[in-house]
Amino acid sequence: MDGRILVTRPQPAAERTSERLAAMGFTAVELPLTQTVALPVRAGAIPAEFDAVAVTSENALLHAGDTLSSIREKPCFAVGARTAARARVCGFTTVIEGPGDAAALADIVIGATKAQATILFLCGRDRLDRLETALSTSGRRPVPVETYDTQDVSYSAETLAEKLGEGAFAAVLLYSVRAAARCAELISNRQLSTDRLICLSPRISKPVTALTGLRIEIAPASTEAAVLALLLPAAKGA
């Protein structure tokens, strides 16, 4: 395999993706189009009594800071393997690992808790409400605690030219709506050249659907493994 692949996700995830691409024989170029920053958890955000913790993003744990010291004795429901591993590193004594999807995690939480249970939800400011809606509908009480925010990363024209180098990318990997919107701008402004975009989900593909002359692919599952599998020859019909 060959070709340069542009990785647009934030650090430290971008570095992990680059390592996986290198193992597959690709040349990875990291250009994070967003970054995560910690938010101060307001006083009184943690209820005096709650039954469990739910987390749908590793970033929520990475940026939680001292908040974790008062909650890690509770069961932690983590959306997938990486978030579950981070929860264990953070000191949670009981971690229940989900299959990687927020809706599926909600079903697991509902099945393991009683009606009226209070679920502390560590999350970002910019998020979907699937977990919260499912828990509320089931009679549980989700309490969101925002530990991080996602912001755009800006680059000067000179920095972009230096990072992107010469020639087109074999593919660009898109993991968020915000990154997809930024990618669309770069392509429209002729600062980024590629004919293939690979998106983590249908929602993430929306900002780039108006671009013409591009092959836009959507991973069959919202996991990085599914994204990277589309780069394999079998996925391209070879």
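**Entry 1**

I began with Arg 190, which counts as exposed at 77% relative accessibility. A reminder to myself before going on: this is a predicted model. I then looked up where Arg 190 sits, and found it in the loop between helix 7 (177-188) and strand 10 (196-199).

I traced Gln 116 to the loop between helix 4 (102-112) and strand 7. Its relative accessible area is 63%, so I noted Gln 116 as exposed.

**Entry 2: a cis peptide bond**

Which peptide bond is cis? I found that the one from Gln 11 to Pro 12 is, with omega near 5°. Pro 12 belongs to the loop between strand 1 (4-7) and helix 1 (13-24).

**Entry 3: cysteines**

How many disulfides are there? My count came to zero. I wanted the reason, so I checked Cys 90: the closest cysteine sulfur, in Cys 76, lies 8.6 Å from its own, too far for a bond. For this I kept in mind that the sulfur atoms of a disulfide must be within 2.5 Å. Cys 123 is in no disulfide either, and its nearest cysteine sulfur, again that of Cys 76, is 13 Å away.

Buried or exposed, I asked of Cys 123? Its relative accessible area is 2%, so Cys 123 is buried. Cys 90 also counts as buried, at 14% relative accessibility.

**Entry 4: the largest pocket**

Of the 50 residues in its lining, Arg 9, Thr 56, Ser 57, Tyr 175 and Leu 200 are the closest to the centre. Which element gives the most to this lining? Strand 7 does, with four residues. I also sorted the lining of the largest pocket by residue type, and got 20 nonpolar, 17 polar and 13 charged.

**Entry 5: Asp 129**

My last stop was Asp 129, in the loop between strand 7 (118-124) and helix 5 (130-137). With a relative accessible area of 48%, Asp 129 is partly exposed; the cut-off for exposed is over 50%. I also checked the distance from Asp 129 to Ser 201: their C-alpha atoms are separated by 16 Å, and the two residues are 72 residues apart along the chain.

How values were computed:
Residues are numbered from 1 along each chain as its sequence is written. This is a predicted model: local features need pLDDT of at least 70, side-chain atom pairs count only at pLDDT 80 or more; totals for chains, interfaces and linings use all residues. Side-chain values use heavy atoms; hydrogens and water are left out. Buried means under 20% relative accessible area, exposed over 50%, partly exposed in between (1.4 Å probe, protein chains only). Helices (H or I, at least four residues) and strands (E, at least two) are DSSP runs, numbered from the N terminus. On a 1 Å grid over the protein atoms alone, a cavity is a set of points where a 1.4 Å probe fits but cannot get out, and a pocket is an open set with protein on both sides within 12 Å along at least five of seven lines; lining residues have an atom within 4 Å of a point. Ala, Val, Leu, Ile, Met, Phe, Trp, Tyr, Cys and Pro count as nonpolar, Asp, Glu, Lys and Arg as charged, and the others, Gly among them, as polar.
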